[in-house]
Amino acid sequence: MTGAKADDDARMVDRAVTVLARSTEALVRATDEFTLLEEICRIGVEVVGYRLVWIGYARPTPGKLVMPMASAGAARAYLDHITISWADDEFGCGPTGISIRTGEPCIITDTETSEVYRPWREAARRFGFRSTISLPIGDGDERIGALMFYADQPNAFDPVTVRLLMGLARNLAHGISALRMKALHDQTARDLAESEERYRSLIEMAPDAILVHCHGTIVFANPASSEVFGAGPDVSLVGRPLLDMVHEDSKTMAVSRIAEPPPGTYVGQYKLTTLDGRVFEAEITACSITFRGVPARLLTIRDITERAQVQEQLLQNAKLATLGEMAAGLVHELSQPLNIIRLAAEGALMLIERGKATPEWQAQQFQLVAEQSERAAEIIDDIRIFSRRDTTPLQVFDAMQTVESAAEVLCRQLKPDGISLEVAAATAPTPVRGRRVQLEQVVMNLLNNAHHALRDGKNHMPRDWRGQIRIAAEQDFDRLRILISDNGPGIPETIRHRIFEPFFTTKDAGRGTGLGLSVSYSLIASMGGRLQSLECASGATFAIDLPLVANAGPSQMTSMPPCAPMPSALGNGHILVVDDEAAAADALAHYLRALGCRISIAAAGDQAWELFCKDPADIVITDLRMPAGNGEELVEKLREFDPLLPIIIVTGHLGATERLTDTLQDDRCAVLKKPLALGNLGELIARFLQPPGE
């Protein structure tokens, strides 16, 4: 028996030596970390005949699980039936967890009798394990995991075998470290190459001129520089003095900047000249760099001549001028629906008190109130059109629907002056690409001009004359022409060629900026179209020509939503209503309670936060401007508490509406404008209360 045992020990040592040698060869050849791990496991199984060899990496908290990264052997399925951690708990008390925590090898000579192996004993029996060894990979804080060997016989790991396998684990740790350093180096090299390529592409494709100069001599110029400075294809800017392209008005400042470059990034405006003598205004951004080992200055030069002209043109601000002219009319327009609402409400109250209001009649009055509220909301939206800068993305929309919307706003302002407005309906959808707000602005500008011309020219017309404005549409397969005509005094032929010039106006001083038609012309041009004044026998006619979008689907017509979704859609959700207007909060709460919701009410942001902390709501509906703790502060607190909490912001403040729409609105937050449509609100709440995935 002694001789047989010695032979067995010799074979174990011989196999361990073979594993170490083959693994060392694998380390030398390895080019990829995970391929190396698989190769080490495969060698342990094929050379020695172990039932299972696997390598696990220690994951950080929480859980501190050991995740198998590579394995080999007939019993690989064992790993699918066990949980192993390196925490100081039940699943971390085995050999793997002990070796990772202590940095020492851990040997189980017999899995049947080892108490620490109790959590995995049944699985070990099923897969034929009797002894195992776990070897740490790495030292100290650099310990990344463990290497495990499983044998089908007890006492399979003698001291010599353990020392050899420990050497294998140390070599593996060094190999992994080397491969990671190589991978990091290779990735850094790739990133550097990609960065250099991106930099080169940006420089070469940049529309702005980019120059590098050393002490005033140009040493690099990108392709755009030739175009900006009027250099031909055979003319190089490299080697030229930078001051040769600086206008005399800016030369003194340029000389001082070259002699003593300012620290950091410098931005300034200069007057420059091209090689052919053209003078232009330029914005120059400069910073210090090292170019080919020599200190230099990098200049980005942008021609801002056109921008300066546009800035000067917009000093008068055509939009606000138009809004100012419309202000009195808009006040009148708002008073009309408010008057109807008050008459309907007070009349209904009187007849209800006298018992003479039938349910049908009451329903008619409430419908009238809802319609007039919608009318007031449309007027407020039209004010918003002129008070904000439109940055919406380009979209496909129905041009004639937009024209009809703009005409409806101004139609009622024409009636006091005895002017009629006729809009001929389009015979087919008119899809165009651009910004709806901008087309509305153009149409309003043209209608305002026609209105003023008819009103001011009324005294020079026959007594039975009546002012008329007509809008019509002509279209073929790829073009749309919108004609806006009036029967006024018309445009004198002597000034027709000047009407689109900036600041040109025929109105009295103080009554016009001369920018309306100029801005309108630019807006239509930006849509790929053309705005022109047509010759006609009488009156004035303007034509807006726009390209139609091919293969566009029908316009999505929106209708007034139903007053409420089905109560089942809302369930018994808890909704917190925050509004300092008690009447508005109570009315909204009454509506939501009728749909089956549980309601909490707060009159200020601070009170709402206290209520929410005591009894969190499923949805928060909040106003923005309130006396104690405003809505914006409340929204910030709610977002910090739960980023996924549905929040509905209801506000009539135009600036806040625009700002919040841009920064806060996502699929868990919505901004609704006052006056509020209950149908829209109900549908939104129903969607927010739906379980995820439905």
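Q: What is the handedness of the crossing of H15 and H19?
A: The model is predicted. In this model, the axes of helix H15 (residues 582–594) and helix H19 (residues 678–689) come within 12 Å. The crossing of the two helices, H15 and H19, is right-handed.

Q: Which residues in H19 meet Leu-588, Tyr-591 and Leu-592 in H15?
A: Start from the H15 side, where Leu-588, Tyr-591 and Leu-592 take part. By class, the contact has six nonpolar, two polar and no charged residues. Gly counts as polar. The partners in H19 are Leu-678, Gly-679, Leu-681, Gly-682 and Ile-685.

Q: How is H2 oriented to H5, roughly parallel or roughly antiparallel?
A: Helix H2 (residues 33–48) and helix H5 (residues 159–205) have axes 10 Å apart. They pack at an angle of about 160°. Angles over 145 degrees count as roughly antiparallel. That makes H2, relative to H5, roughly antiparallel.

Q: How many charged residues are in the contact of H2 with H5?
A: From H2 come Glu-33, Leu-36, Leu-37 and Ile-40. They meet Leu-168, Leu-172, Ile-176, Leu-179 and Arg-180 in H5. Glu and Arg count as charged. Alongside seven nonpolar residues and no polar ones, the number of charged residues is two.

Q: How many disulfides does the structure hold?
A: A disulfide needs a pair of cysteine sulfur atoms within 2.5 Å. For Cys-93, the closest cysteine sulfur is in Cys-106, at 9.7 Å, so that pair is too far for a bond. For the structure as a whole, the number of disulfides is zero.

Q: Is Cys-93 buried, partly exposed or exposed?
A: Its relative accessible area is 26%. Buried means under 20%, and exposed means over 50%. The value for Cys-93 lies in between, so the residue is partly exposed.

Q: Is Cys-597 buried or exposed?
A: The relative accessibility of Cys-597 is 8%. The cut-off for buried is under 20%. Cys-597 is therefore buried.

Q: Where is Cys-536 found?
A: Cys-536 is partly exposed, with a relative accessible area of 35%. The C-alpha atom of Cys-536 is 9.4 Å from that of Ser-485, 51 residues away along the chain. Strand E16 covers 530–534, and strand E17 covers 540–547. Cys-536 sits in the loop between E16 and E17.

Q: What is the relative accessible area of Ser-99?
A: Ser-99 lies in helix H3 (residues 95–102). Beyond four places in sequence, it touches Glu-104, Cys-106, Ser-134, Leu-135, Pro-136, Arg-143 and Ala-146. Ser-99 is buried, and its relative accessible area is 0%.

Q: How far apart in space are Ser-99 and Ala-146, C-alpha to C-alpha?
A: Ala-146 is among the residues that Ser-99 touches. The two are 47 residues apart in sequence. In space, C-alpha to C-alpha, the separation of Ser-99 and Ala-146 is 7.1 Å.

Q: In which strand is Thr-622 found?
A: Thr-622 is buried, with a relative accessible area of 1%. Leaving aside neighbours within four places in sequence, its contacts include Val-578, Leu-634, Ile-648 and Val-650. The strand that holds Thr-622 is E20.

Q: Is Asp-623 buried or exposed?
A: Asp-623 is in the loop between strand E20 (619–622) and helix H17 (631–641). Among its contacts beyond four places in sequence are Asp-579, Asp-580, Thr-651 and Lys-674. Its relative accessibility is 8%, and the cut-off for buried is under 20%, so Asp-623 is buried.

Q: Which helix holds Ser-405?
A: Ser-405 is partly exposed, at 30% relative accessibility. The C-alpha atoms of Ser-405 and Met-444 are separated by 10.0 Å. The helix spans residues 399–414 and is H11.

Q: What percentage of the 694 residues in the protein chain is buried?
A: The secondary structure of the chain comes to 19 helices and 22 strands. Of its contacts with a separation of 6 or more, 62% join residues 24 or more positions apart. The buried share of the 694 residues is 41%.

Notes
Residues are numbered from 1 along each chain as its sequence is written. This is a predicted model: local features need pLDDT of at least 70, side-chain atom pairs count only at pLDDT 80 or more; totals for chains, interfaces and linings use all residues. Side-chain values use heavy atoms; hydrogens and water are left out. Buried means under 20% relative accessible area, exposed over 50%, partly exposed in between (1.4 Å probe, protein chains only). Axes are lines fitted to C-alpha atoms, for helices over the stretch in contact, and angles run from 0 to 180 degrees between N-to-C directions. Helices (H or I, at least four residues) and strands (E, at least two) are DSSP runs, numbered from the N terminus. A crossing is left-handed if the near helix is turned anticlockwise from the far one by less than a right angle, and right-handed if clockwise. Contact means heavy atoms within 4.5 Å. Angles under 35 degrees count as roughly parallel, over 145 as roughly antiparallel, 65 to 115 as roughly perpendicular and the rest as oblique.
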